[in-house]
Amino acid sequence: MSFSWAFWLLAAIGVLLTGISKSGFAGGVGVISVPLMSLYIGPVQAAAIMLPLLILMDFFSVRAWWHSKRNDLLKIMVPGAVLGIFIGYLLFGYLNDDVLRLLLGILSIGFALWGLLNGSTLGRTASPVVGSISSTVAGFTSFIAHAGGPPMNFYLIPMKLPRAEFLGTAVVFLAIVNLVKLMAYGVLGQINTDNLLVGLVLAPVAWIGIRLGLVIHHKLDDQLFYRIILIMLLIVGIKLIYDGI
């Protein structure tokens, strides 16, 4: 684990923000963690380090929101997500670190601009077709960079679900996606001792983030929190494209 102090700092920031988001706010801010780590290590390793941490966070989130989930929506979303993960698995061997950085940078900028420009008002229909397409994209982007939140939100947010139903459905959906990814990452040899040790070191930061989210979500405006994260994501995305080129 001979990483630079800058890597550990950015990794801790990404894990902390992900924990805060998962426990106290609606949305997919976990998208920031892999781009931040990818400034210093390969995107594949960054995603592998984050996955066990995300599953740890999912355990606490699912316990809190399990009874609020919408099973009818999950039946539409989960098959599409599994297909997207399978597509990512098939393409894995063709994506080197530079290509992944470029793709990750484009996704980061796209998600940031979509959020900053109030992209949640797009795609107002809640048809099963939109749900399947959005979920397939979510599975693919989640496989690459744990960035399944924005495509998922494209489908869920326009429905204007009650906050509890939205959180319950989103939390359970992302937890299922992460468990399916764990199997794929394992087959690809990405869940190894080195990556697990890095995740173990960052686990206390994840727990702190979860606790902070529970404390501050009543005090910090959702829109302000996400605007800060989206601006960070935009900057990181530009840097990743520069590095990928």
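Visitor: Which helix gives the most to the nonpolar patch?

Guide: That's helix α4, residues 71–91, with six residues in the patch. Keep in mind that we're looking at a predicted model. The patch sits on the surface and is formed by Leu83, Phe86, Ile87, Tyr89, Leu90, Leu91, Tyr94 and Val187, with about 800 Å² of accessible area together.

Visitor: What makes the pairing of His146 and Lys181 a polar contact?

Guide: The distance is part of it: the two side chains make their polar contact at 2.6 Å, and the limit for such a pair of N or O atoms is within 3.5 Å.

Visitor: How many salt bridges does a search of the whole structure find?

Guide: Two. In one of them, the side chains of Asp72 and Arg70 meet at 2.8 Å, N to O. In the other, Arg70 meets Glu165 at 3.3 Å, N to O.

Visitor: Why is the pair of Arg70 and Glu165 called a salt bridge?

Guide: A salt bridge needs a side-chain nitrogen of Lys or Arg within 4 Å of a carboxyl oxygen of Asp or Glu. Arg70 and Glu165 are at 3.3 Å, N to O, so the pair counts. Together, Arg70, Asp72 and Glu165 are linked in a network of salt bridges.

Visitor: Why is Arg70 called partly exposed?

Guide: Arg70 has a relative accessible area of 24%, which is between the 20% and 50% cut-offs, so Arg70 is partly exposed. Asp72, at 40%, counts as partly exposed too, and so does Glu165, at 27%.

Visitor: Which residues have the most contacts inside the largest nonpolar core?

Guide: Val15, Met37, Leu53, Leu156, Phe173 and Leu202, in a core of 58 residues. Helix α3 (residues 43–65) gives the most to this core, with 10 residues. Leaving aside neighbours within four places in sequence, Met37 is in contact with residues including Phe7, Val15 and Leu202.

How values were computed. Residues are numbered from 1 along each chain as its sequence is written. This is a predicted model: local features need pLDDT of at least 70, side-chain atom pairs count only at pLDDT 80 or more; totals for chains, interfaces and linings use all residues. Side-chain values use heavy atoms; hydrogens and water are left out. A polar contact is a pair of N or O atoms within 3.5 Å; within protein, one must be able to donate a hydrogen and the other to accept it, and residues adjacent in sequence count only if both atoms are side-chain atoms. Patches are made of residues with over 30% relative accessible area and no salt bridge: like charges are joined within 9 Å, nonpolar side chains (Val, Leu, Ile, Met, Phe, Trp, Tyr) within 5 Å. Accessible areas come from the Shrake-Rupley method with a 1.4 Å probe; for residues, only the protein chains shown count as cover. Helices (H or I, at least four residues) and strands (E, at least two) are DSSP runs, numbered from the N terminus. A nonpolar core is a set of buried Ala, Val, Leu, Ile, Met, Phe, Trp, Tyr and Cys residues joined through side-chain atoms within 4.5 Å. Buried means under 20% relative accessible area, exposed over 50%, partly exposed in between (1.4 Å probe, protein chains only). Contact means heavy atoms within 4.5 Å.
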